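The questions below go through one structure, shown here.

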Amino acid sequence: MRRAELVMAIALAIFSGYLMWKSAELEIGWIPKRGPGPGAFPFWLAVGMLVCSLWIILRWFRGIGAFADSEEPYMDRHALNQFLLGAGSLGVMIGLIHFIGVYGSVPLFLIFYMRVLGGHTWSRTATLAILTPIVTFLFFEIALKITLPKGFTEPMFYPIYDLVY
Amino acid sequence: MEVLNHLLDGFIVAAQPLNLALIIFGCALGLFIGAMPGLGSVNGVAILLPMTFLVPPASAIIFLAAIYYGAMYGGAISSIMLGIPGASTAVATTFDGRPLAMQGLADRALVAAATASFVGGTISVILFTLFAPPLASVALAFGAPEEFALMMLAFATFVGLGGDDVPKTFFSIFIGLVLSAVGLDIVSGEPRLIFGDISGFLHGINFLVLAIGIYGIGEILWTIDSSRGKLNVSQATVSVKRILGCLKDLKSTVKSMLMGSFLGYFVGILPAAGATPGSLMAYGVAKSISKDPKSFGKGNVEGVVAPEAANNSASTGSMLPMLTLGIPGSPTTAILLGGMVIWGLEPGPRLFVNNQDFVWALIASLYAANLFAVLINIAFIPMFIWVLKLPFTILVPIIFILCVVGGYAPTQDMHDVWLMFGFGVVGYLMRKLDYPMAPAVLAIVLGPLAETSMRQSLLMSQGEFSIFFDRPVAGPIMLIAIVLFLLPLLKSIMGSFRKRTGKADA
């Protein structure tokens, strides 16, 4: 925990500096008759972020703060596995949306999560993997008229569009 | 009298078949969400907000408010049955609810929680009806400096009363505000903070992207991590006869219920304080005024009743500043406020003038939601216990899918889905280090308003910051905000001072 605290604070301080630099590309001073420039608000806020990160770093070196003497690991093996599986599979699912669309990647994600990680029966997995995309389609495409990304599966939906619209 | 007329009009809107159905459905859904360990009202409202585009704005907010209410009731269920708070607002309920369940009196605790929630909810809605119109009419006279001062007060409450690590709370506020500045500048129209020239940043960062990222994805990752899979559900025997018996027993706890309701309401009104501190304070007070304080923590029904009355009451209380001033009183109301902007309503004191029917329909729906929530809660106790046994490996993927599709819907841009994923992962990593996330969500909702009001004020004063201090309303609010900002510092100085004198005495 102790090391993670420092690493996180340094990363955030660097990010704050980047935001300051990015804001300063715009006018951050006072423009006569127009008030503060567009960059002023984010610039000073980013300064605030930097000050907070430095505060946390300073505290770390003085050995105070919530994690000052925490020997506990930031993530033990179990937590790391869970995190990588959860966030990783979600990331892969979102990535796949670009290629096989929502209706391809959602069932795959459900099958992976329920069958592989959860060890549920095939019948239960299949029920959800088939029902979820159908409900999503009915709700978003038909009721809300929001077209979800379909990737290369787009042409397969033409007959359904013809039927609905 | 005028209030009663408005309220009656509101009831007519709330009683329309669609709205009534949404209230009942919302309450039931809220109860489920609240009962799931780790998920609370804020998660439910954030994840489901995009789904409400289907219905008109008034119905949408009625539905979300019903979820909010239902989740407040539902939080107690997992606190009692699992000993894991269903949401942070139900933490205090575990102190006595869990011991009661271990003694085989789970039904007693559940009925007490539901009844207390109902009492708290009802008292607070009545108080709300009485307070809201006068407060809104006072607020109508507020200008840009007053608005800005109120927002400072909201942020100051996080720092002064939030109880989280001070520099981390500040950081969370700042980063939320910076993220709200991404996109086209409102005044000059220049593009700002377009990272890596990615065009997706041009339309700004929708607050929903951050809210779903943090409260959907981040929170679920957190729950998977902290629960470690193994849950232990207590047994509960439920029958009509036992429930009636439990209700009779509650007579002796009326005092705690009333105390919790009033205390919760006033804590809830404070911007950003919300239901969690409200319920913890109510528990403390109930313990200190009790004739038998030693029985607290060992299964005293009063220890369930007081916090449950308070958290429902506070959730209504936190709607008061949201509707009358445009300043949310809790993370959930911050998301509701953001939703109002999406639906084309202008939050703030003018809402009571321009969208009267909307406001009163919402207030009337709170009365109705309260009633339905208690009925559904008591009638379906066995079903909610079943929810607790649902395996995570089914819930998690479904919630993730809701997040992805819900994050895509408002802007229909895959860029936002990736951003949401990023916020979720980073939010989880930061939360593990005790960075509070609620201030960032509040800040991204208030950011555009805060920036506009600050720039307008500074234009009015030709760049003099004194404008925030020498006006009769803005001045005192700013002073209170500054005191709250400095409160943790004062506390630590006092603490070290006391330590030193303590040592000298010894």
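Q: Which domains does the assignment give for chain A?
A: This is a predicted model, in which local features need pLDDT of at least 70, side-chain atom pairs count only at pLDDT 80 or more, and totals for chains, interfaces and linings use all residues. Residues are numbered from 1 along each chain as its sequence is written, with chains lettered from A and ligands numbered from 1 in the order in which they are written. Domain bounds come from an automatic or database domain assignment. For chain A the assignment gives domain 1 (2–61) and domain 2 (77–164).

Q: Is H4(A) roughly parallel or antiparallel to H5(A)?
A: Helices are DSSP runs (H or I, at least four residues), numbered from the N terminus. Axes are lines fitted to C-alpha atoms over the stretch in contact, and angles run from 0 to 180 degrees between N-to-C directions. Helix H4 (residues 102–117) and helix H5 (residues 122–144) of chain A pack at about 150°, with axes 9 Å apart. Angles over 145 degrees count as roughly antiparallel, so H4(A) is to H5(A) roughly antiparallel.

Q: How many residues of chain A are in contact with chain B?
A: Two residues are in contact if their C-beta atoms, placed from the backbone, lie within 7 Å. Chain B brings 48 residues to this contact, and the number from chain A is 52.

Methods. Helices (H or I, at least four residues) and strands (E, at least two) are DSSP runs, numbered from the N terminus. Angles under 35 degrees count as roughly parallel, over 145 as roughly antiparallel, 65 to 115 as roughly perpendicular and the rest as oblique.
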